[in-house]
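Here are my notes for you on this one. Keep the viewer open and click along as you read.

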Amino acid sequence: MSGLTSIRTTGDKIEIVDQLKLPHTTEFLEIATIEQVHDAIKSMKIRGAPAIASLAALSVASHLSRALKASPAPDFLASPERLRAHVEPLLDFLYTARPTAVNLGAATRRLARTLRASVEAGKDARAVAEDLIAEGRTIDDEDVIRNKEMARWGGEWLVDRHKQRGLSGGDLNVMTVCNTGSLATSGYGTALGLITFLHETGRLQRAFYTQSTPYHQGSRLTALELQTLKIPSTMLCDSMVGSLFQHHDIHAVVVGADRIARNGDTANKVGTYNAAVLAARHGIPFIVVAPISTVDLEVSDGSKIPIEQRPPLEACLVRGALYPFTANADGVKEQATVMVTPAGLEGIYNPSFDVTPAELITAIVTEKGVAVKQEGAAGFDLSSIV
Ligand code: MRU
């Protein structure tokens with residue numbers, strides 16, 4: 001079953017689908033410089049913790065691959081020290097694009113480690129650049145493989161959990177928040193990957209997903225992904241989660257993560273915490289699906305996770321296609337951005353993420369397996385699995 005693509009590469013050329021224009025227009029943008037990568041991530045043309053990490057890694061690889069082919073060669077290839085002095089600031093700059101998603105930092109730190117190790121091994125500048133190119137591309141390749149592993153671990157665990165409780169293990173109704181599918185990763189997805197796995201193996205009855213305002217990752221992106229994959233699904237407004245749990249049999253809430261603290265506290269799209277509180281009230285298992293690179297052992301608990309505040313204006317605007325649809329001569333639907341608040345509104349609260357305390361999380365699924373919180377425990381000790 002093939003999903004959508006957020007990044008495509010042809011040799012050194014990198015293109016991303018402009019997620020600001022989805023779901024009505026699929027437009028690929030070429031990203032040719034490190035500044036363009038930074039801008040695309042900051043402006044959310046590409047978003048989702050693993051996808052932005054992959055783009056950053058691929059862009060460093062492509063930048064160096066082009067440099068190796070350039071004639072004359074750029075000055076920074078004159079020595080390993082010059083190369084290091086050129087690459088390290090680029091990695092630092094990329095990491096500043098968005099503060100909460102730690103995968104971006106994990107990718108840039110991994111490239112920085114490769115750089116140091118190759119220089120210290122006495123390699124010449126071209127060989128160091130080759131090592132960085134290989135590492136950057138590996139970071140992207142690994143993402144799809146581990147997403148499929150997580151989906152299988154988490155999906156099988158969920159089905160078994162239901163069987164142990166005397167339920168059939170099939171026909172699961174699963175709710176998710178935000179967008180965690182192939183658009184948010186290098187492919188297949190994390191939480192949405194688990195939902196896809198349940199569907200592919202005949203265990204999913206229906207996926208439910210919140211709109212995830214103000215950016216509408218749910219109603220614009222998850223909606224499109226589920227429609228493309230032909231997975232039966234229902235959208236709800238963020239304020240309807242309590243009503244859904246009261247009136248429908250929901251068997252699990254499955255979400256992704258932007259950063260997981262050592263004790264399991266998890267930062268994810270704003271609205272995740274609300275869903276977790278309501279899930280606890282209704283006895284619904286709450287599952288986080290994220291790669292090991294999302295776990296930040298340097299952060300002991302969620303209070304220390306930096307939370308990105310988006311520009312207040314973003315919470316006042318809704319973007320989409322004009323409706324009833326009107327198309328230009330090429331058949332492209334006309335897009336518009338409309339303001340839904342009075343102009344000049346002051347006092348707008350617009351955090352991009354919130355933190356779900358570990359006590360509300362039933363299990364954390366990584367590519368290494370399922371960490372289940374012990375009965376009565378307040379949190380997890382993730383240092384043993386990272
Ligand atoms: O602001 P976004 O759209 O980048 O936020 C994305 C999320 O919160 C996702 O749930 C998270 O990055 C995991 S994506 C696999």
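**Notes on the model**

1. Let's start with helix 2. Its 21 residues reach 31 Å from the first C-alpha to the last, close to the 30 Å expected at 1.5 Å a residue. Is helix 2 enclosed or open to the outside? Of its 21 residues, 16 are buried, so helix 2 is largely enclosed by the rest of the structure. Do keep in mind that this is a predicted model.

2. Now zoom out. The protein chain has nine helices and 16 strands. Its C-alpha atoms fill a box of roughly 65 × 55 × 45 Å along the principal axes. A compact globule of 386 residues would have a radius of gyration near 21 Å, and the protein chain agrees because its own value is 21 Å. Buried residues make up 47% of the 386. Take the contacts with a separation of 6 or more: 76% of them are between residues 24 or more positions apart.

3. Next, the ligand. Which residues come nearest to it? There are 17 residues around the ligand, and Arg47, Ala49, Ala184, Gly256 and Lys269 come nearest. Helix 2 (49–69) turns up again here: helix 2 and strand 9 (266–269) each supply at least two residues of the shell. By type, the shell has six nonpolar, eight polar and three charged residues.

4. Follow strand 9 into its sheet. Four strands make up an open sheet with mixed pairing, in the order 11-8-9-14. Strand 11 (295–296) and strand 14 (353–356) are the edge strands, each pairing on one side only. Strand 8 (residues 259–261) pairs with strand 9 in the antiparallel sense, over two bridges.

5. Strand 15 (residues 363–366) deserves a slow look. In a regular strand, side chains alternate between the two faces of the sheet. Here both faces are covered: Ala363 and Val365 are buried on one side, Ile364 and Thr366 on the other. Strand 15 runs parallel to strand 10 (residues 286–289), with three bridges joining them, and Ile287 has Ala363 as its bridge partner. Strand 16 (residues 369–372) is antiparallel to strand 15, joined by four bridges. Ala363 stands opposite Val372 there. Strands 15 and 16 form a hairpin, with two residues between them.

6. Strand 5 (residues 204–210) is another one to check. Five of its seven residues are buried, so strand 5 is largely enclosed by the rest of the structure. Strand 4 (residues 172–176) runs parallel to strand 5, and five bridges join the two. In one of these pairings, Val174 has Ala207 as its bridge partner.

7. Ser71 and Pro72 are joined by a cis peptide bond, with omega about 0°; Pro72 sits in the loop between helix 2 and helix 3 (80–95). The bond from Tyr323 to Pro324 is also cis, with omega near 0°, and Pro324 is in the loop between strand 12 (317–321) and strand 13 (335–339).

8. Met44 is not a glycine, yet has a positive phi of about 65°. Met44 lies in the loop between helix 1 (34–42) and helix 2. Ser212, in the loop between strand 5 and helix 7 (217–229), has a positive phi near 65° too.

How values were computed. Residues numbered from 1 in each chain as written. Predicted model: local features only at pLDDT ≥ 70, side-chain atom pairs only at ≥ 80, totals over all residues. Rg over C-alpha atoms; globule rule 2.2 N^0.38 Å. Buried ≥ 20, exposed ≤ 12 C-beta atoms within 10 Å, placed from the backbone. Contact = placed C-beta atoms within 7 Å. Near = placed C-beta within 6 Å. Nonpolar A, V, L, I, M, F, W, Y, C, P; charged D, E, K, R; others polar. Expected span 1.5 Å × (residues − 1). Pairing = 2+ DSSP bridges.
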